[in-house]
Amino acid sequence: MPSSKNLRTSPGVPPFQWSHLWEPAIVNPVNLKSYTIPFFNLGDPYARAFHLSWLGFFVAFLSWFAFPPLIPDAIKSDLALTDAQVGNSNIIALAATFIVRAIVGPLVDHWGPRKVMAGVLILGAIPSGLAGTARSAESLYTLRFFIGILGATFVPCQAWTSAFFDKSCVGSANALVGGWGNMGGGATFIIMTSLFQSLTTTYGLTEHVAWRAAFVIVPVPILLGVAVLVLIFGQDHPAGRWSDRQRLVAAPLEIRRASENPVFASKKGFKGTEDAVISVQPVDDEEDTTPQLDSTVVDVAVNESLTLDTMSKIVSSPLTWLPALAYLTTFGVELAIDSKMADVLFSLYNKSQPGFTQTTAGYYTSIFGFLNIVTRPLGGYFGDVLYRTFGTKGKKIWTLLCGLIMGVTLLAGGFYLQKTQPNGDAQLPILMGVFSISAIFSELGNGANFALGVMSGLVGSCGNLGGIIFALVFRFQIDAGKGFWIMGIVCIAINVLLFPIHVPES
């Protein structure tokens, strides 16, 4: 374990200074988590962990979400797909992510987020390179299933920053990496549709060849390149290797606390983020350090090993399902909008508005993804502010309010679309305005809702389960307007039912 003398440490949270954005991280001397986020200091391991975590999640979208922007016209016509088959392919892609996210959580606990992130990117690059081999609906299903594993990058993304940043700023850190990573959904719509258009108009490729070439040109080299960056420049844990996390000063005390009450510990954003009265003195590597009671209040959160007993206690607690079900609605809606909206816009305006092409629909849909650059970080920031004033209860109310507002706007947008779609009277500005509000509160809610380890895997999987549920709504409900207001009712009902769940005060 690195010597405390080699670190910029502080016994408590330092007041914010702009210089914290480029100076080396100031860390908690007990668990080595940073009180600051040194965005611009790429020589600092804390900054590298931050940027590599969101970058890995971001590039996953370049393949994971590459089909929806090209399906409305190019892929659908090339493979002669029906609307039902398009819906099936969306469901299968989300189902793969749902399964793999649940698996990846424990893998992160065992191997650490850096290795898991790189592994998922490398595995996802293989089917991405084979995307052009699709010749039928069945082969498309298979490819989208295996490409769907890239959605699991969310889990190591969140776990990595949770391991490196103190509870005083981890909400903002997790929301930033989640939001900037999710922005990849918006970027994918622009990149893939623009590349497809360039390949067909500038380079004269047929649509049959162009969409297949797009997968080889963009996702594959980028996925492999970022995986290499993660392995070379990333660090497992502030203590060094992932296995070294057990050697921290706080580890013996915290593991004992987590074993006594793992559910309460995990629901505070870490495995055991309680404040403890502990004294810490700078020591050399060869010296033994034992925590002693003193008058300094510091956070002793550490990442301890997951056991079957701990997992069962976590999964059986209502506190676990509060963020999981809330995320089911907010992230589920985000996935549904990203997967469905381009197809809805293309079908509405392709014939009624001259020049409204698949590319145009992709550009409009990209707006929802790009909102993440602001919305998800703001959700985490407001969550941190409310946490400092009202404790966990304030954060819970904020998260659920976002889900409720999102549900109400989905109701409004769905009823408007259902009423105007038959006559072709749906106004594009109104649709974009209403569903942009839905997307904003969906992403704010996502930012307020974070966890790590098995909790990241479980919560992340529930987010994808929401995407599957809402994709099933559109699969069996031909009327898109009705599909959206059904989503709204589901979101309102779930978030209302979550309000009575009691949470710890801090």
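Start with α16 and α19, whose crossing is left-handed. That term applies when the near helix is turned anticlockwise from the far one by less than a right angle; clockwise is right-handed. Select residues 392–420 for α16 and residues 480–498 for α19. Their axes come within 7 Å and cross at roughly 160 degrees. Axes here are lines fitted to C-alpha atoms, for helices over the stretch in contact, with angles from 0 to 180 degrees between N-to-C directions. The two helices, α16 and α19, are therefore roughly antiparallel, a label for angles over 145 degrees. Helices are DSSP runs (H or I, at least four residues), numbered from the N terminus.

A note on the source: this is a predicted model, where local features need pLDDT of at least 70, side-chain atom pairs count only at pLDDT 80 or more, and totals for chains, interfaces and linings use all residues. Residues are numbered from 1 along each chain as its sequence is written, and side-chain values use heavy atoms, leaving out hydrogens and water.

Next, select residues 154–164, helix α6. How many of its residues are buried? The count is 11 of 11, where buried means under 20% relative accessible area, exposed over 50% and partly exposed in between (1.4 Å probe, protein chains only). Among them are Phe154, Trp160 and Phe164.

Now turn to the salt bridges. The count is 4, each a side-chain nitrogen of Lys or Arg within 4 Å of a carboxyl oxygen of Asp or Glu.

- Pick Asp78 and Arg212: their closest N and O atoms are 2.9 Å apart. The pair links distant parts of the chain, with Asp78 in α2 (residues 71–78) and Arg212 in α8 (residues 207–217), 134 residues apart. Asp78 is partly exposed at 25% relative accessibility, whereas Arg212 is buried at 9%.
- Pick Asp83 and Lys76: the side chains meet at 2.4 Å, N to O. Asp83 is exposed, at 56% relative accessibility.
- Pick Asp343 and Lys340: the N to O distance is 4.0 Å. Both lie in α13 (residues 318–349), 3 residues apart, about one turn of the helix. Asp343 is buried at 17%; Lys340 is partly exposed at 21%.

Last stop: select Ile122, Leu224, Val228, Leu229, Leu231, Ile232 and Phe233, which make a nonpolar surface patch of about 590 Å². Patch residues have over 30% relative accessible area and no salt bridge; nonpolar side chains (Val, Leu, Ile, Met, Phe, Trp, Tyr) are joined within 5 Å, like charges within 9 Å. Helix α9 (residues 219–233) gives the largest share, 6 residues. Finish on Phe233 in α9, partly exposed at 44% relative accessibility.

Conventions. Accessible areas come from the Shrake-Rupley method with a 1.4 Å probe; for residues, only the protein chains shown count as cover. Angles under 35 degrees count as roughly parallel, over 145 as roughly antiparallel, 65 to 115 as roughly perpendicular and the rest as oblique.
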